Amino acid sequence: MPGIGQKPLSRGWQISTRTAVGVGLMALVIMAGVWEAARYGVTDGAASVPTSTAVATGSSVSPTVDTTIPQPGVVRFFDSFTRPDSLETLGSDEPGRGWDAVRGTWGIQDGAAYISKSFTRAPLMSLAVAEGEVSDGVFSAVVGGDGVCGLMVRYVDPKNFVVVKRVPLYRVWNIEEFKNGKSERLGFLVDQTADALQVVVGYRGSSITVSVAGVVHPVVETSLTTSTTAIGLLGEGPTGEQCRWRDATLASTGT
């Protein structure tokens with residue numbers, strides 16, 4: 001029977017049937033978590049990423065996986081959000097590569113990105129998007145706050161993207177694919193703390209691998225186009241205004 005965070009076996013997500021691409025992507029996600037913590041540090045109550053990372057599979061957590069390799073690839077984009085406070089703009093650490101507030105009003109507060117005014121029309125999602133410039137990558141950030149919020153990859157437009165988001169009511173991190181505005185849950189991880197956590201999303205081709213606070217979800221597959229390179233931040237409803245994002249990093253996966 002399906003395990004935690006997995007759908008029926010027909011989707012082929014079990015570790016034993018994962019493709020070589022999926023295995024490589026999972027390794028890159030694990031490496032990204034350790035490398036990100038070592039290079040930039042995880043502060044403000046965020047959980048540090050351990051040197052060994054558990055993999056969520058079946059009804060329990062498997063033995064730890066070695067994560068000694070220090071980095072996943074070349075950094076393509078980094079934003080610390082450590083700029084003067086603003087109610088109306090995110091700005092950017094990298095001139096010419098800022099964030100596009102697609103929905104909602106985004107700003108900076110106390111060295112973190114946040115939603116100063118949430119999007120009030122259905123589907124009540126506030127979105128900020130940046131051009132990643134890599135078709136396959138590892139996107140990570142420290143995400144905190146008691147609201148529905150997370151990270152997007154494979155972003156096409158406000159109706160088509162993959163998101164990893166915290167849902168405090170159910171104490172889970174959902175992995176969801178939005179296609180033509182309709183959401184399908186691809187998997188989930190249990191949210192064991194209300195603290196700010198490091199979220200890492202790896203994407204290569206149609207494969208998506210997610211790590212939250214060092215716990216890795218088995219590879220899932222998206223049906224969205226694999227040519228899009230945009231990444232983003234997402235908050236849902238009024239609770240999204242309680243969320244904070246720090247140290248957003250995008251690295252290539254290499255070859």
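This note walks through a predicted model of one protein chain, point by point.

1. **Ground rules.** Because this is a predicted model, local features are taken where pLDDT is at least 70 and side-chain atom pairs count only at pLDDT 80 or more, while totals for chains, interfaces and linings use all residues. Residues are numbered from 1 along each chain as its sequence is written, and side-chain values use heavy atoms, with hydrogens and water left out.

2. Start with pLDDT, the predictor's confidence in each residue, from 0 to 100. Its mean over the chain is 76, and 70% of the residues reach 70 or more. Over residues 1–24 the pLDDT is below 50, although this stretch has 42 contacts in the model beyond near neighbours in sequence (contact means heavy atoms within 4.5 Å). Residues 29–71 also stay under 50, and the model gives them 88 contacts beyond four places in sequence. Where pLDDT is low, the predicted coordinates should not be read in detail.

3. **The overall build.** The chain has one helix and 19 strands. Both are DSSP runs numbered from the N terminus: helices are H or I with at least four residues, strands are E with at least two. Of the contacts with a separation of 6 or more, 64% are between residues 24 or more positions apart. Of the 255 residues, 55% count as buried; buried means under 20% relative accessible area, exposed over 50%, and partly exposed in between, with a 1.4 Å probe and protein chains only. The chain exposes about 10,800 Å², and carbon and sulfur atoms supply 54% of that area (the Shrake-Rupley method with a 1.4 Å probe; for residues, only the protein chains shown count as cover).

4. **The inside.** Which residues have the most contacts inside the largest nonpolar core? They are W99, F139, L151, L233 and W245, in a core of 38 residues. A nonpolar core here is a set of buried Ala, Val, Leu, Ile, Met, Phe, Trp, Tyr and Cys residues joined through side-chain atoms within 4.5 Å. Strand β15 (residues 197–204) gives the largest share of this core, four residues. There is also a second, separate core of 10 residues, with M125, L127, F161 and A230 among them.

5. **Aromatic rings.** The whole structure holds five aromatic pairs. Rings of Phe, Tyr and Trp (its six-membered ring) pair if their centres lie within 6.5 Å; planes under 30 degrees apart count as stacked, over 60 as edge-to-face and the rest as tilted. W106 and W245 form a tilted pair, 5.1 Å centre to centre with 50° between the planes. This pair links distant parts of the chain, since W106 is in β7 and W245 is in β19 (residues 244–252), 139 residues apart. W106 counts as buried because its relative accessibility is 1%, and W245 is buried at 0%. Why is the pair of Y155 and F161 stacked? Their ring centres are 6.1 Å apart and their planes are at 20°, so the pair counts as stacked. Both Y155 and F161 are buried. F77, F81 and W99 form one aromatic cluster.

6. Strands β7 (residues 105–109) and β8 (residues 112–117) run antiparallel and are joined by five bridges; two strands pair if DSSP finds at least two bridges between them. W106 has I115 as its bridge partner in β8. Two residues lie between the strands of this hairpin, where D110 takes a positive phi near 55°. T89, in the loop between β5 (75–79) and β6 (100–103), contacts W106, G107 and I108, leaving aside neighbours within four places in sequence. T89 counts as partly exposed because its relative accessibility is 45%.

7. **Loops worth a look.** Most residues other than glycine have a negative phi, and most peptide bonds are trans. N180, in the loop between β13 (172–179) and β14, has a positive phi of about 55° although it is not a glycine. N180 is exposed, at 60% relative accessibility. A213, in the loop between β16 (207–212) and β17 (215–221), also has a positive phi, near 55°. Its relative accessibility is 24%, so A213 counts as partly exposed.
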